[in-house]
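Let's go through this structure with some "how do you know" questions. Have the sequence and the 3D view open as you read.

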Amino acid sequence: MTLLLQTLILGLLAGGVYALMSSGFTLVFGVMKVINLAHGAMIVVAAFLTWWLWDRTGIDPLLIGVCLSPVMAGIGWLLYKTVIARVQRVDWELTLVASFGVAVAAGGVMALIWGAEGHAATPSYVTASFELGSLVVPEAQLYACVGAVVLLAALYALLRGTFLGRAIRASSANRDSAALVGITVERTMAAMFAIGAATTGFAGAALSVLYQFVPDSHYVWIGRILCVVILGGLGSFLGAGLGAGILGVSEALTSSYVDARWATAVPYVLIIVILLVRPQGLLGGRVRADGVAA
Amino acid sequence: MSRVARPRTTSHRTRRVLGAAVAVALLASGCGLSGSSDAEDSPNDPIVIGMSLPLSGPAADRAKPGMEGYQYWADEVNANGGLLGRTVELKVLDDGFDQQTAISDYNRLISQDKVDLLLGTFSSDLNLAVAPVAERHKYLYIQPSGGADEIFARDFNYLFFAQPATTQRLPNQFVKVIEEMPSASRPKTVALVQQDDPNTTQAAEIFADRLGALGVTTVYDQTYAPDTSNFDTIANAIKQADPDVVISGAVTGDGVSLVRSLQKVGFSPEMFYQENAPTSPTYAQAIGEANTEGIFTPLAYSTETDFAGNKDFVAGYAKKYGGPPDEDAANSYTAGQVLAAAVEAVGKLDQAAMAAWLHENTVATIVGPLSWDAAGRPQGELLLAQYQSGTLKVVAPETGANADILHPKPNWQ
């Protein structure tokens, strides 16, 4: 019983971390329809920056992560202006290839700067846990989960409650009409992409604290992020949370009760199953046009 | 009408693109990306030595010092007049820790680039795949790492291992330590947790058998995939099994992740033995220096032994790369030493003659004198080391030991 409860707790906490990693991706995908395969690489860049600054200054890595958000937003804005926007004008499907290219290049550049060795930020609480009887709740994971909830709520509020949010949704629904009512579509999209990138600041800091990472870690993470987003429903924040929870718990149960060897296959199995059974994801709404057609 | 049609198209395209994204992610997670160095291929002079290393991907942290060890060896050979009077040039490809890429890289080095000599790659996983390529083309293949017996069980003629022993003998010293403990304080239970790699899984089987014979029961035995990043649930299951000894068959960064997860779930065994990871230069920082205390690891090499050339190698390497050589750097250098000895002894680049010479002779290296059986298995013993006060001390065998064993391992700090 202890094993089961502890496995569920650890699975849910891992899910919280996955939700954190996926939040910016689901935002950019859900609203802009851009599959940014460089999202994982940006998380790893932020993880390296966090580790590097922590190593030199000793400042709390998660705090560094918060401060890195504007930096990552800047990098995101630059990426959008120099690559994504230009490619998107030709054919928006090309953004997939372009962002994958950026991810591969970023992996190489990171290896040149920081080397291929594994790194991890290790503040005092990294291995500490809260104890509930015989159960433990790892502190760092809990902080990352709280961060994920705050971040997802903030993004939801931004999209629903601010003019920028409405402008973003309008631009995404119909560029021409949005421009007609006075929205600068290009600038709005760049802002959206930058906000998505800003989330990688804290996500990267969490990665640097929770796991050891190398420049190529982004391949593993983008796989999980795609799984979370597809599972939960494209562009749905609640869905991202749910998908992340399901992935975390499924991996944990597989590792504890089936075979640890199969745990890393869980994301891909889930992607295939959900695409076959419910392609719009668990909470993904069907596009209104689909409803009309049906 | 068009307003209805447009989003519908987008939705369909979205799914199509999504499918492509999934395919790309699957591909990306399954295979590394290869690239090549700028080494020039020239058939006459200098002697070109080809190799493909996992310079990117999950084993990149092992390959970097490995590459430096090879480079240091080549530079030293060239500074001393080269091999057979010709300078040595390395042609290095990157296999991204992917078996198929490694196979095609070595095929390319042999068939297309027509390199003069080969040197081996890292890990049992890659060497298992590459050794048959060299054998088929009748190229001498000296591998610096990868001691799984599966590799040598095929009785290849051109294959040689540049460490003192294969995985078959890896558990010897640690099992002996447990065997020699008084029966009252001898551990009763063991947990085995290892990466899915021919070397670590074979070692785990041997440990289970030999410790079982000593009355130590295996209470947990799990193998995990190489790209596992979350070890919390594994650590939790180990905690629930509550073993006296944990034997971790790590390959690289997975070792650090497991230790950190054991710390998180609050489980510290009496004895902790881990393969490969503890010799990584970033290990102590990643798990916290105080937490290294008492951790055992097998060593193929130590900077402190007096074998011929070792002190010069340690000093020269530290001068060139700013720190002492780790095991991987030393193993590459050793592979180079073995290759050079065969070339110089035969006096020409005759692969069959060099292989025959190595089967008959002993080569003095920085890991001690090496000789091989008919399948290329070295006939020496590995060392057992333990972290004490932040450094790895050799604790067994007695002849090479420079410290007593610390038991039990202190709790995590």
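A residue is called buried if 20 or more other C-beta atoms lie within 10 Å of its own, exposed if 12 or fewer, and partly exposed in between, with C-beta atoms placed from the backbone. Helices (H or I, at least four residues) and strands (E, at least two) are DSSP runs, numbered from the N terminus. This is a predicted model, where local features need pLDDT of at least 70 and side-chain atom pairs count only at pLDDT 80 or more, while totals for chains, interfaces and linings use all residues. Residues are numbered from 1 along each chain as its sequence is written, and chains are lettered from A and ligands numbered from 1 in the order in which they are written.

Q: What makes strand β11 (residues 295-299) of chain B largely enclosed?
A: Count its residues: 5 of the 5 are buried, so the rest of the structure largely encloses β11(B).

Q: How do you know which strands β11(B) pairs with?
A: Two strands pair if DSSP finds at least two bridges between them. β10(B) and β11(B) have 2 bridges, in the parallel sense, and B:Tyr273 stands opposite B:Phe296 there. With strand β14 (residues 383-388) of chain B, β11(B) has 4 bridges in the antiparallel sense; B:Leu299 has B:Leu383 as its bridge partner in β14(B).

Q: What sheet do these strands belong to?
A: An open one of 7 strands in chain B, in the order β8-β7-β9-β10-β11-β14-β15, with mixed pairing. Within it, β9 (residues 245-249) and β10 (residues 271-274) of chain B pair in the parallel sense over 4 bridges, and B:Val245 has B:Met271 as its bridge partner in β10(B).

Q: Why are β8 (217-224) and β15 (391-396) of chain B called edge strands?
A: Each of β8(B) and β15(B) pairs on one side only.

Q: Why is α1(A) called roughly antiparallel to helix α8 (residues 232-241) of chain B?
A: Angles run from 0 to 180 degrees between N-to-C directions, using axes fitted to C-alpha atoms, for helices over the stretch in contact. The two pack at about 165°, with their axes 10 Å apart. That makes α1(A) roughly antiparallel to α8(B), since angles under 35 degrees count as roughly parallel, over 145 as roughly antiparallel, 65 to 115 as roughly perpendicular and the rest as oblique.

Q: Which residues make that contact?
A: Contact requires C-beta atoms, placed from the backbone, to lie within 7 Å. Among them are A:Thr2, A:Leu3 and A:Gln6 of α1(A), and B:Asp232 and B:Thr233 of α8(B).

Q: What is the span of helix α5 (residues 139-161) of chain A set against?
A: The expected span is 1.5 Å times one less than the number of residues. α5(A) has 23 residues and reaches 32 Å from its first C-alpha to its last, close to the 33 Å expected. Its buried residues include A:Ala144, A:Ala148 and A:Leu155.

Q: Is A:Arg261 buried, exposed or partly exposed?
A: A:Arg261 has 17 other C-beta atoms within 10 Å, so it is partly exposed. A:Arg261 lies in the loop between α10 and α11 (266-277) of chain A. Leaving aside neighbours within four places in sequence, its contacts are B:Asp196, B:Thr223, B:Tyr224 and B:Ala225.

Notes
Contact = placed C-beta atoms within 7 Å.
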